[in-house]
Amino acid sequence: MRTVNAYGAVSATEPLEPMTIERRDVGPHDVLIEIDYAGICHSDIHTLRGEWGPITYPQVVGHEIVGHVAEVGSAVTKHQVGDRVGVGCESGSCGECTQCLKGEEVYCLKGNLQTYAGLDVDGTITQGGYSQAIVVDEGFVLKVPESLPLHKVAPLLCAGVTLFSPLKHWNVGAGTNVAIVGMGGLGHVGVKLAHALGADVTVLSRTLAKQKDGLELGADHYYATSDAATFEKLTGKFDLILNTVSAGLDYSQYVNLLAVDGTLVILGAPTEPVKIDAMSLITHRRSIAGSANGGIPITQEMLDFCADHNILPETELIESSQINEAYERVLSSDVRYRFVIDAKTFA
Ligand code: NAP
Ligand code: ZN
């Protein structure tokens with residue numbers, strides 16, 4: 001066991017604070033990672049505030065982790081000391097079910113092990129990346145391409161793959177009309193990825209405040225959802241709508257923007273139930289789906305794709321002492337477009 005500095009919450013209502021946590025000894029298949037940077041995902045906030053159900057405190061979150069390998073277990077073959085690596089939302093799975101065998105560990109039929117707030121095999125609760133170091137099974141450690149600057153890469157480990165995975169699953173490419181709902185951490189990476197895949201990309205944001213940014217990031221069109229005319233103008237337009245909004249929406253409004261056979265994919269995870277008007281699905285054979293971040297192979301494919309296409313998230317680097325303020329800014333959509341914590345400041 002080793003003790004490392006971290007930043008976490010002691011309850012759902014108190015601010016995060018500095019704390020220490022234990023990391024397990026490096027087992028034969030484990031990699032010890034000295035963390036360089038950790039992104040702040042809106043899921044971190046939902047989790048710590050108990051919005052997805054009660055959790056055990058103290059809890060350290062963070063599942064957009066990049067760093068360097070500091071030690072490897074005796075049986076590790078995939079990584080070496082000094083390698084630039086990343087860890088995303090999952091740190092383990094059964095490895096034997098049909099989903100795991102397909103490399104879709106995120107959909108493990110026995111339930112995957114979340115990088116934080118997950119129940120580990122030894123009965124402990126996993127603690128996330130807002131910390132100095134982490135020990136992870138080598139199979140869940142990604143290689144970060146050399147060309148990508150480490151301080152910008154972290155958000156790709158969750159936001160990046162959460163958008164890349166449905167874009168690939170629904171075969172987005174040249175000729176596909178894609179809408180991204182919400183220009184936040186997930187949404188802005190989605191714009192870049194969909195554009196690089198050749199799609200015609202539309203951002204649907206509440207206002208036009210981020211329009212200039214959206215168009216610069218690769219969107220072809222940008223509309224305000226606060227304007228009722230948007231929903232009339234775009235009726236039946238999209239093959240795929242990726243909803244990244246962290247709050248409940250009038251989903252039927254968005255379903256009506258789908259073409260025949262189009263799909264609305266729910267990525268944002270508010271607690272409110274999804275209510276949809278049945279007729280708007282039936283009349284155009286439209287679908288509604290959900291999608292979780294992504295398995296290890298597609299996460300690596302996404303990192304390599306970002307290296308090939310020079311895609312990096314827009315980030316704001318902060319110190320650990322700024323995490324609480326950053327949370328408030330995420331909640332008020334005042335983030336351009338992902339906060340990344342410098343792990344040196346956990347010292
Ligand atoms: P974020 O940076 O806060 O972005 C969310 C965006 O949603 C905001 O920028 C805003 O976009 C829009 N929004 C926020 N409140 C809204 C409201 N009341 N009504 C309408 N739009 C609103 O959050 P994020 O980190 O991208 O995460 C977004 C959601 O995805 C969260 O619920 C998170 O837990 C979830 N998530 C899911 C997965 C998955 O595997 N499926 C992975 C990661 C995150 P505009 O300002 O442009 O309107
Ligand atoms: Zn996340």
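The structure is a predicted model. Strand β3, which spans residues 30–39, is largely enclosed by the rest of the structure, because eight of its 10 residues are buried. A search of the whole structure finds three aromatic pairs, and the structure also holds 14 salt bridges.

**Strand β3 and its partners**

- Strand β8 (residues 133–137) runs antiparallel to β3 and is joined to it by five bridges, with D30 having D137 of β8 as its bridge partner.
- Strand β4 (residues 65–72) is likewise antiparallel to β3, the two being joined by seven bridges, and within this pairing L32 stands opposite E71.
- Strand β17 (residues 338–342) is connected to β3 by three bridges, again in an antiparallel arrangement, and D342 of β17 is the bridge partner of Y37.

**Aromatic pairs**

- Among the three aromatic pairs found is that of F164 and F305, whose ring centres lie 5.2 Å apart and whose planes meet at 45°, so the pair is tilted.
- Because F164 belongs to helix α4 (residues 159–169) and F305 to helix α10 (residues 296–309), this pair ties together parts that are 141 residues apart in sequence; both F164 and F305 are buried.
- The rings of F231 and Y254 also have their centres 5.2 Å apart, but with their planes at 90°, and the pair is therefore edge-to-face.
- This second pair links distant parts of the chain, with F231 in helix α7 (residues 228–233) and Y254 in helix α8 (residues 251–255), 23 residues apart, and F231 and Y254 are both buried.

**Salt bridges**

- D30, the residue whose bridge partner in β8 is D137, forms a salt bridge with R24 in which the closest N and O atoms are 2.9 Å apart.
- D30 counts as buried because its relative accessibility is 8%, whereas R24, at 32% relative accessibility, counts as partly exposed.
- E96 forms a salt bridge with K110, the closest N and O atoms being 4.0 Å apart, and this pair links distant parts of the chain, since E96 lies in the loop between β6 (90–92) and α2 (98–101) while K110 lies in the loop between α2 and β7 (113–114), 14 residues away; E96 and K110 are both exposed.
- E216 and K212 form a salt bridge with their closest N and O atoms 3.1 Å apart, and both residues lie in helix α6 (residues 211–217), four residues or about one turn of the helix from each other; E216 and K212 are both exposed.
- Salt bridges that share partners join R24, D30 and D120 into one network.

Key. Residues are numbered from 1 along each chain as its sequence is written. Chains are lettered from A and ligands numbered from 1 in the order in which they are written. This is a predicted model: local features need pLDDT of at least 70, side-chain atom pairs count only at pLDDT 80 or more; totals for chains, interfaces and linings use all residues. Side-chain values use heavy atoms; hydrogens and water are left out. Buried means under 20% relative accessible area, exposed over 50%, partly exposed in between (1.4 Å probe, protein chains only). Two strands pair if DSSP finds at least two bridges between them. Rings of Phe, Tyr and Trp (its six-membered ring) pair if their centres lie within 6.5 Å; planes under 30 degrees apart count as stacked, over 60 as edge-to-face and the rest as tilted. A salt bridge is a side-chain nitrogen of Lys or Arg within 4 Å of a carboxyl oxygen of Asp or Glu.
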